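Have the structure open while you read, as the points hop between the two chains.

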Protein chains: 2
Amino acid sequence: MYKINENYSKFPGSYLFSTIGKKVRVYGEAHPEKKIIRLGIGDVTQPLAPAIVDALHKAVDEMGRGETFHGYAPDLGYAFLRETIAECDYRSRGCDIEADEIFISDGAKCDCGNIQEIFSLDNRIAVCDPVYPVYVDSNVMAGRTGTYDRERGTWSDVIYMPCTAENDFVPELPEKENAPDLIYLCFPNNPTGSVITKEGLQKWVDYANQAGAVILYDAAYEAYITEDNIPHSIFECRGARGCAIEFRSFSKNAGFTGLRLGFTVIPKELKCGNVSLHSLWARRHGTKYNGAPYIVQRAGQAVYSQEGRAQLKEQIGYYQRNAAYIFDGLKSMGYTVSGAVNSPYIWLKTPEGMNSWEFFDHLLERVNVVGTPGSGFGPSGEGYFRLTAFGSYENTVEAVERIKAL
Amino acid sequence: MYKINENYSKFPGSYLFSTIGKKVRVYGEAHPEKKIIRLGIGDVTQPLAPAIVDALHKAVDEMGRGETFHGYAPDLGYAFLRETIAECDYRSRGCDIEADEIFISDGAKCDCGNIQEIFSLDNRIAVCDPVYPVYVDSNVMAGRTGTYDRERGTWSDVIYMPCTAENDFVPELPEKENAPDLIYLCFPNNPTGSVITKEGLQKWVDYANQAGAVILYDAAYEAYITEDNIPHSIFECRGARGCAIEFRSFSKNAGFTGLRLGFTVIPKELKCGNVSLHSLWARRHGTKYNGAPYIVQRAGQAVYSQEGRAQLKEQIGYYQRNAAYIFDGLKSMGYTVSGAVNSPYIWLKTPEGMNSWEFFDHLLERVNVVGTPGSGFGPSGEGYFRLTAFGSYENTVEAVERIKAL
C-alpha cells in the first residue's frame, strides 16, 4: 500500500495567500454590494508596458510561421535573454556574472521553492522572521524543519532570525556555534520593506564564507531601491561568488505576475567539495523543467530595451507614488510604519493591541480593505500588517481614506 | 558546512536528451557543412495553428490594457480552461471528471517529475522498461531508487517491467508478493509507440485497486490514437478514480513544446487513509508554483475551439503521415519496426547487432540523421532505436532516403 509524504500533514494551515484568497472570496460572496480594495497579495495591476506588448505580438507571429517557429527552449534559457541580463543587471553594476551562470525560469517563487532540492536533507536553514512563506514551507515539505510548535508558531529545526523595530528589520548574524547551512535572505525585504546596506550585506557574505554556508538571496524587489549604497545584487559584495545564489523576478519590475518569468544566478565557483551547485541545478532544470515560453523570454528581453526601460521606470514610479501615499497617510494617522522607501511594501504596527489576524478581519469587514497579516510571515510578524503599493492610485487613495475614517 | 543532495551523484550520466543535444552540437560544429536532420528529441516543427495564434494576440492585447490585464493566475488554473478540458477531454468520452479535479501547469514533464514529491520516500516505484527517463530520474533525485548497477543499467529499488517484442511492448502485471506502490504507465508509449487496449488497461486499474497502488498515467500522446478500443484516458476504466492520476500535455497535440502547457487530473476520491492526494497536490501547487501564463491558458482554450480542432486535426495528420512514411520505409528496407500507428514514435531494432549508441553514432556520422538510442530509455531498450515523426515532411522523406542509402 502506497504512503503519502507525511511532511505535508505537519502544516498548521494552508498556504498564507490561499487562506487570504478564500477569506476574501467568502466575504465578497456574502456582501456582493461591497467594493473590496485588495492591497494584500503582492499582485500588480498596471497593464504590460507597450514595448513588452509589442515584443509579445512579434514573438507570437514568429511562432505562427514555420521558418521562425520555436519548439523546446534551451534547458537553461535563450542566449539572447541570458546575455542581456548578464550585461544589464550584473556587468553594468560591476558584478562578475557570465550569461551561462544565469538560469531562466518561470518565476522566482518556483526557483525559491525548488532550490532546496539540490541540498542535503540534513542541512539546517535560517530565515528572517517575518519572511515570505515559501522558503519555510518548501522545506517543511522536504522534511527539513522538524516539528511545529503551535504555541510559538515555529519549527523546531529552523533558525529564526528576528527582524523587529529594534534591529531596524535587519537580522543579526547567527551565532557561530549554531551556524545554519542555508541562509535565506531577501532585500528589499518581503514583507517588511526593509533594506540592507552594502557594508551590512558584506558581513553576511563574509560570515557565510567562514561558516561554510550558502546564502539564498531573493532580490525580487531590487527595482524599488531608491537610495544609494543599497546593493541591487549580492554579487556587488566581495566573495559572494563563493557562497551565494541569487533569485530575480520580472513580476514586480515589469508586471509579469501573470506572464511568469524569473531567473536564478549560480556562479560556477560555488562548490561543495568538487561538486558545483551550478551543475546540480542544471541537472534539475534539465530533468524536471522544460524552459520558459519563447514568447515570454522575448518579452523579458524587451524589459531591457531603451523603450522598455523608460516605460517601466514610469510604471515603477507609479507604484512608488502609491507606496509613499500609504506610508504618509498612515503616518499622519499616528500609525507606526516602515518600508515603502525602497520597496512596494508598507509594514505597519497594528493599532490598539489587535493581533495581525484581528486587524485583517477588522479592515476587511469594516472598510473592505485587504492586507496581509504579519503573523502569516512568522512569529515576529505578530502585531504587524503588510499593505502593498500594487493597487491602482485611485484605489490606494480610497483605501487610505477608508482607513482614516475608521 | 552545508552539504549537497548526494542522490545527484548517483547518476551514471547526464539527462538523456541533454547528452544527445551535446553530441549533436559537437558533431555540427566539427562539420558545419553537413545538414543534420533531427528525429531524436520529440520536438514539433509545425508552426502554431492560426486559431492559437489569434487567441494569443487577443490575450496579449488584453494584458496591455488596464481593464483586461491579468496578474497572478488562480493557483490551479483559470476556470475557462479547466471547464473546457473537463467537458471536451473527459465528459464527452464518458469519463466522470470535474473541472476542479484538473490542475493546469506548464507541462507534463514538470508534473511527471514533481508528482513523486507528494508520496513517501519509502514508496517503491515500477516503470516500464524502456521508458521516458523523467520518471526514474526524478525518483533518483528524491532518493527512492537505491543504487545503480552499471553492468545491468538498473537501480536496485526500482521494479522494471520489461516491454519487449515478446509481450508486444505492453508490460505484465507485477507479482503481487512484490507489488509496487507507484506505477508509471505511459500509453501511447514513449518510446516504443505501443498502445494498450481498454481491457488491458482495466486489468491494471483492478490490480492497482487491489494492491493499494497508484497509477501515474502519462497520456501525452493520446491525440495520435487512430484505432478503436484504445483508451484516450485511464478514466475510461471502471474504478480508476480510486487509483489513478493522469498527465496530459499540449505539446504534441497542439505544438506547445515552446509555449508550455499541460495538466494533471487527480480525482477527489483518490485517498490514502483520509488524506486526499488532490489536497496534497493543491498544496504543492500553491506553495511552489505560480500558475501558467494567462495568454498561454487562452491559447490552450483555443485548442478546443471548432477552428482549433479542425486545424490541429490537420497538423496531427501531417505528423501521422510522417510516422507512416518512416514506418513503411524502414519496413521495406527489412528493419523490424513497431509503433507509428497510434503514435508519433517509430521503434526499430538496430541492424547487424549494433547496440543503440553505436547505431546512434552510425546514423549521425554516416547520414547525419539524429535519433534516440533505445538504451537511453532503460536496459530493455538496448538494441532498439527511436525515431520521431515530428520533423517536416521533406526532412522525413530525406532521412528515410539517406538511411536507405546506407
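**Notes on the two-chain model**

1. Start with strands S9(B) and S10(B) (residues 262-265), which run antiparallel and are joined by 4 bridges. Strands here are DSSP E runs of at least two residues, helices are H or I runs of at least four, and both are numbered from the N terminus. Two strands count as paired if DSSP finds at least two bridges between them. Within this pair, Glu246(B) sits opposite Val265(B) of S10(B).

2. A word on the model itself: it is predicted, local features need pLDDT of at least 70, side-chain atom pairs count only at pLDDT 80 or more, and totals for chains, interfaces and linings use all residues. Residues are numbered from 1 along each chain as its sequence is written, while chains are lettered from A and ligands numbered from 1 in the order in which they are written.

3. Back to S9(B). Strand S8 of chain B (residues 214-218) pairs with S9(B) in the parallel sense, over 4 bridges, and Ile215(B) has Ala244(B) as its bridge partner. For S9(B), 6 of its 6 residues are buried (20 or more other C-beta atoms within 10 Å of a residue's own, with C-beta atoms placed from the backbone). Both faces are covered: Ala244(B), Glu246(B) and Arg248(B) lie on one side, and Ile245(B), Phe247(B) and Ser249(B) on the other.

4. Over in chain A, have a look at the open sheet of 7 strands, ordered S2-S10-S9-S8-S7-S3-S6 with mixed pairing. S2(A) (102-105) and S6(A) (158-162) are at the edges with a single partner strand each, so one side of each has no neighbour in the sheet. S3(A) (residues 125-129) runs parallel to S6(A), joined by 5 bridges; Cys128(A) has Met161(A) as its bridge partner there. Helix H6(A) (residues 198-211) packs on this sheet, touching S7(A), S8(A) and S9(A), and its direction makes about 150 degrees with that of S8(A) (axes are lines fitted to C-alpha atoms, for helices over the stretch in contact, and angles run from 0 to 180 degrees between N-to-C directions).

5. How do the two chains meet? 69 residues of chain B are in contact with 69 residues of chain A, contact being C-beta atoms, placed from the backbone, within 7 Å. On the chain B side, H2, H4, H5, H8 and H9 each supply at least two residues, and H2(B) gives the most, with 6 residues.

6. Finally, domains. The assignment (automatic or from a database) gives chain A domain 1 (6-47 + 307-405) and domain 2 (54-305).

How values were computed
Two residues are in contact if their C-beta atoms, placed from the backbone, lie within 7 Å. A residue is buried if 20 or more other C-beta atoms lie within 10 Å of its own, exposed if 12 or fewer, and partly exposed in between; C-beta atoms are placed from the backbone.
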